[in-house]
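Please read the following briefing alongside the sequence and the model.

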Amino acid sequence: MDIDVRGPRFGAAVTTVVLAVVLVTGSGALLAWQALAFAAGAALGVQRSPYGWLFRTAVRPRIGPATELESPQPPQFAQAVGLGFAALGLIGYFAGPEWLGVAATACALAAAFLNAAFGYCLGCEMYLLVRRVTAARR
């Protein structure tokens, strides 16, 4: 079932704020929360992630029904990519080196910001590229 395109962008906006706070504070615990949110989105789909639930229950009722839908697979793949960067960030913040935590968090922040501000999902584009490459090899 297709999903409302505004949901993943809302999640990216929340993620942008969370990751910016992580960079400012150096909070590994907050990054761990974001990693859990990414894990839920990757495993269950973005519509069932914490930010997807927030969008569905608090935002969408106020902005009306979806006018544009998209496949859930690319955003779900993007959540897995985000989880990878968050995991690297957690290693950096908790085990060192700290620069690894900062760099991985900054990369995830950049990708989330692109999606939130411009609707350009890097993880989604990676998904489509992987699909094209694997289809071409058949």
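Tyr120 is partly exposed, at a relative accessible area of 40%, where buried means under 20%, exposed over 50% and partly exposed in between (1.4 Å probe, protein chains only). This is a predicted model, in which local features need pLDDT of at least 70 and side-chain atom pairs count only at pLDDT 80 or more, while totals for chains, interfaces and linings use all residues. Residues are numbered from 1 along each chain as its sequence is written, and side-chain values use heavy atoms, with hydrogens and water left out.

**Surface patch**

- Tyr120 sits in the loop between helix 5 (98–118) and helix 6 (122–136), helices being DSSP runs of H or I with at least four residues, numbered from the N terminus.
- Together with Phe113, Phe118 and Leu122, Tyr120 forms a nonpolar surface patch with about 420 Å² of accessible area; such a patch takes Val, Leu, Ile, Met, Phe, Trp or Tyr side chains joined within 5 Å, from residues with over 30% relative accessible area and no salt bridge, and the areas come from the Shrake-Rupley method with a 1.4 Å probe, with only the protein chains shown counting as cover for residues.

**Core and contacts**

- The largest nonpolar core has 10 residues, among them Leu19, Leu31, Phe38, Leu90 and Leu109; a core is a set of buried Ala, Val, Leu, Ile, Met, Phe, Trp, Tyr and Cys residues joined through side-chain atoms within 4.5 Å.
- Helix 1 (6–25), helix 2 (28–44), helix 4 (73–94) and helix 5 each give two or more residues to this core.
- Leaving aside neighbours within four places in sequence, Leu90 is in contact (heavy atoms within 4.5 Å) with Gly28, Leu31, Ala32, Ala35 and Ala95.
- Thr16, in helix 1, is buried at 13% relative accessible area, and beyond its neighbours within four places in sequence Thr16 touches Leu109, Ala112, Phe113 and Ala116.

**Helix 2**

- The buried residues of helix 2 include Gly28, Leu31, Gln34 and Phe38, and their cover includes helix 1, helix 3 (50–63), helix 4 and helix 5.
- Gly45, with a positive phi near 100°, follows helix 2.

**Backbone and charge**

- Gly96 and Pro97 are joined by a cis peptide bond with omega about -5°, and Pro97 belongs to the loop between helix 4 and helix 5.
- One salt bridge is found in the whole structure, a term for a side-chain nitrogen of Lys or Arg within 4 Å of a carboxyl oxygen of Asp or Glu.
- Arg6 and Asp4 meet through their side chains in a salt bridge at 2.7 Å, N to O, with Arg6 partly exposed at 24% relative accessibility and Asp4 buried at 7%.

Methods
Patches are made of residues with over 30% relative accessible area and no salt bridge: like charges are joined within 9 Å, nonpolar side chains (Val, Leu, Ile, Met, Phe, Trp, Tyr) within 5 Å.
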